[in-house]
Amino acid sequence: MHACAHAGAQSLVYGGLGWGDAECEQIIAVLRSVPCASLKRLVLDENHLGDASARSLANLLSGKSFAQLQHLGLYGNNITDVGMKALRTALCKRRKCTPQL
C-alpha cells in the first residue's frame, strides 16, 4: 500500500476494493508512519470494514496528525452503532464539540 506516497496527498480513495478489517489495519499502520498533514479526504466506501476498523480509525483520527481531514467516506461498510459512536467521539474531540449519540 502506498498511502500518502506523495507526502502532500490531499485525497486517498480506497473504495470498493473488498477490504476487511485486516486491510484497514494495514492502511492505518501506513498512515501512522507517513506524515499526511495535508490529507483532506479519505474514502473507504463500499468495503467490508467493521467496528474494529472504526475503532482503529477513531484512534488514528483523534490525534493532531490529520487536522486537515474534512471527509471520511465509510458508506456501504459493516460498521454498527458501536463503531460509529467511537468515530463520532474521536471526531468531536478534534473539533471540541459534544457528540450527539
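1. In this predicted model, Leu12 stands opposite Leu42, a residue of strand S2. The two strands concerned, S1 and S2, pair in the parallel sense, and three bridges carry that pairing. As background for a reader new to sheets, strands of a sheet pair through backbone hydrogen bonds, either parallel or antiparallel.

2. The sheet as a whole is open and is formed by three strands in the order S1-S2-S3, with parallel pairing. Strand S1 (11–13) and strand S3 (71–73) stand at the edges, and because each has a single partner strand, one side of each is left without a neighbour in the sheet. From one strand to the next, the twist averages 5°.

3. Of the 101 residues in the chain, 39% are buried. When contacts between residues at least 6 apart in sequence are considered, 84% of them join residues at least 24 apart.

4. How do the helices H1 and H2 lie relative to each other? Two packed helices are described by the angle between their axes and the distance between the axes. Here the axes of helix H1 (residues 21–33) and H2 come within 9 Å and cross at roughly 10°. An angle under 35 degrees counts as roughly parallel, and H1 and H2 are therefore roughly parallel to each other. On the side of H1, the contact is made by Asp21, Cys24, Glu25, Ile28, Leu31 and Arg32, while H2 contributes Ala52, Ser53, Ser56, Leu57, Asn59 and Leu60. Sorted by class, this contact of H1 with H2 has six nonpolar, three polar and three charged residues.

5. Helix H2 deserves a point of its own, since it is mostly covered, with eight of its 11 residues buried. The buried residues of H2 are Asp51, Ser53, Ala54, Ser56, Leu57, Ala58, Leu60 and Leu61. One of these, Ala58, can be related to helix H3, where Lys85 has its place: Lys85 and Ala58 are 27 residues apart in sequence, and their C-alpha atoms are 9.3 Å apart in space. Lys85 itself counts as partly exposed, because its relative accessibility is 43%.

6. In helix H1, the residue to look at is Ile27, which counts as buried because its relative accessibility is 1%. Although Ile27 and Tyr14 are 13 residues apart along the chain, a distance of 9.6 Å separates their C-alpha atoms.

7. Is Asn47 buried or exposed? Asn47 lies in the loop between strand S2 (41–43) and helix H2 (51–61), and it is buried, because its relative accessible area is 2% and the cut-off for burial is under 20%. Two polar contacts of its side chain can be followed in the structure. The side chain of Asn47 reaches the backbone nitrogen of Leu17 at 3.0 Å, and a polar atom of that side chain also lies 3.0 Å from the backbone oxygen of Leu44. Once residues up to four places away in sequence are set aside, Asn47 touches Tyr14, Gly15, Gly16, Leu17, Gly18, Trp19, Gly76 and Asn77.

8. Asn77, one of the residues that Asn47 touches, has its place in the loop between S3 and helix H3 (81–95). Asn77 is likewise buried, because its relative accessible area is 15%. A polar atom of the side chain of Asn77 lies 3.3 Å from the backbone nitrogen of His48, and the side chain of Asn77 reaches the backbone nitrogen of Leu49 at 3.0 Å. Leaving aside its neighbours within four places in sequence, Asn77 is in contact with Leu44, Asp45, Glu46, Asn47, His48 and Leu49.

9. In Glu46, however, phi is near 55°, which is a positive value in a residue other than glycine. Glu46 is found in the loop between S2 and H2, and it counts as partly exposed because its relative accessibility is 42%.

Notes: Residues numbered from 1 in each chain as written. Predicted model: local features only at pLDDT ≥ 70, side-chain atom pairs only at ≥ 80, totals over all residues. Heavy atoms only, no water. Helix = DSSP H or I, 4+ residues; strand = E, 2+ residues; numbered from the N terminus. Buried < 20%, exposed > 50% of the residue type's maximum accessible area, 1.4 Å probe, protein only. Polar contact = N/O pair within 3.5 Å; in protein donor to acceptor, adjacent residues only side chain to side chain. Contact = heavy atoms within 4.5 Å. Axes fitted to C-alpha atoms, helices over the stretch in contact; angles between N-to-C directions. Parallel < 35°, antiparallel > 145°, perpendicular 65-115°, else oblique. Nonpolar A, V, L, I, M, F, W, Y, C, P; charged D, E, K, R; others polar. Pairing = 2+ DSSP bridges.
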